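Please look through the sequence and the structure shown here. The report below goes through strand pairing, aromatic rings and a pocket in turn.

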Amino acid sequence: MKKKYLSAVVAVTAAAALAAPASATAETKPTESVAATAIATAATVQAAETRTTPSKATVQNTPIRTVRPGERVDAGQGWTVWLTKQGKYWSGPDGYENFRSVVDGNIDRTKPGVSHQSEGGETGVFHSGLYYGTRAAGRVELTDADGRKTLATLVALPGRSDWGVWYVHTAPTRGGSPAVALYDRSGKLLADLPAWDF
């Protein structure tokens, strides 16, 4: 449509230039000026249309790190996570170990879901959890009370498992837990946990 519009402007301008008397030098210059102005205007309109056309936002996915069963992953700031076929393990700076099962029936791996555990204090908070029920996980995203979004790191066992672990550090919270959302690789929301106050 834009090309047709530009072609029509050029054609009309060219016809006007041909219709002008060849001997009238004074008239030729204004005609050339009109042609140049018309082409420039058409180009400006086309450029403006190009600039204002909304573009689809790109989806920012998180690469999933594949780890061996029992392999310790340094999650930063003294935290460690590891996975076995039974579930997610993690420990903090104090060395105390925690466990979240994926085989005890407490989660339904037949549909997408996400869990959330958090520990921390005045210096910051370590968030982690399971994502499950999908082999197409794209990202896990936390949203705090101020609307700030933080992408989590994803880890999983080999073999395109239908579950994995996510973790991320955030600044201290203002007395609440952030919302957690699981998206697939196309950007579709698969599961979420709403934010809540303590």
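Arginine 65 stands opposite valine 155 in β11. This pairing belongs to strand β1 (residues 64-66) and strand β11 (residues 153-156), which run parallel and are joined by three bridges. The model is a predicted one.

Strand β11 also pairs with β12; these two run antiparallel, again with three bridges between them. Threonine 153 has tyrosine 167 in β12 as its bridge partner. The hairpin of β11 and β12 has six residues between the strands, and glycine 159 in this hairpin takes a positive phi near 90°.

## An open sheet of four strands

Another group of strands forms an open sheet of four, in the order β2-β3-β4-β5, with antiparallel pairing. Its edge strands, β2 (73-76) and β5 (97-101), each pair on one side only. On average, neighbouring strands of this sheet are turned by 25° against each other, direction ignored. Strands of a sheet pair through backbone hydrogen bonds, in either the parallel or the antiparallel sense.

Within the sheet, strand β3 (residues 79-84) is joined to strand β4 (residues 87-91) by five bridges, in the antiparallel sense. Threonine 84 is found opposite glycine 87 in β4.

## Aromatic rings

The structure has four aromatic pairs. One of them is formed by tryptophan 79 and phenylalanine 126: the ring centres are 4.5 Å apart and the planes lie at 15°, so this pair is stacked. The cut-off for stacking is planes under 30 degrees apart. Tryptophan 79 lies in strand β3 and phenylalanine 126 in strand β8 (residues 124-132), so the pair ties together parts that are 47 residues apart in sequence.

Phenylalanine 126 also forms an aromatic pair with tyrosine 167, and this pair is tilted, with 6.2 Å centre to centre and 35° between the planes. This second pair links distant parts of the chain as well, since phenylalanine 126 is in strand β8 and tyrosine 167 is in strand β12 (residues 163-170), 41 residues apart. Trp79, Phe126 and Tyr167 form one aromatic cluster.

## Strand β14 and its partners

Strand β14 (residues 179-184) is mostly covered, with five of its six residues buried. What does β14 pair with? One partner is β9, which runs antiparallel to β14 and is joined to it by six bridges. In this pairing, valine 140 stands opposite leucine 182 in β14.

The strand is also paired with strand β15 (residues 189-193), in the antiparallel sense and over four bridges. Here tyrosine 183 has leucine 189 in β15 as its bridge partner. β14 and β15 form a hairpin with four residues between them, and glycine 187 in the turn has a positive phi of about 95°.

## A buried serine in a loop

Serine 115 is found in the loop between β6 (113-114) and β7 (117-121). Its relative accessible area is 7%, and serine 115 is therefore buried. Serine 115 and leucine 130 are 15 residues apart in sequence, while their C-alpha atoms are 5.1 Å apart in space.

## The largest pocket

How much space lies in the largest pocket? The volume is about 340 Å³. The pocket is lined by 20 residues, of which Asp144, Ala145, Thr173, Arg174 and Pro178 are the closest to its centre. The elements that give two or more residues to the lining are β9 (137-143), β13 (176-177) and β16 (196-197).

By residue type, the lining of the largest pocket divides into seven nonpolar, eight polar and five charged residues.

Key
Residues are numbered from 1 along each chain as its sequence is written. This is a predicted model: local features need pLDDT of at least 70, side-chain atom pairs count only at pLDDT 80 or more; totals for chains, interfaces and linings use all residues. Side-chain values use heavy atoms; hydrogens and water are left out. Two strands pair if DSSP finds at least two bridges between them. Axes are lines fitted to C-alpha atoms, for helices over the stretch in contact, and angles run from 0 to 180 degrees between N-to-C directions. On a 1 Å grid over the protein atoms alone, a cavity is a set of points where a 1.4 Å probe fits but cannot get out, and a pocket is an open set with protein on both sides within 12 Å along at least five of seven lines; lining residues have an atom within 4 Å of a point. Grid points are joined across faces, edges and corners, and a volume is the space filled by probe spheres set on the points. Ala, Val, Leu, Ile, Met, Phe, Trp, Tyr, Cys and Pro count as nonpolar, Asp, Glu, Lys and Arg as charged, and the others, Gly among them, as polar. Rings of Phe, Tyr and Trp (its six-membered ring) pair if their centres lie within 6.5 Å; planes under 30 degrees apart count as stacked, over 60 as edge-to-face and the rest as tilted. Buried means under 20% relative accessible area, exposed over 50%, partly exposed in between (1.4 Å probe, protein chains only).
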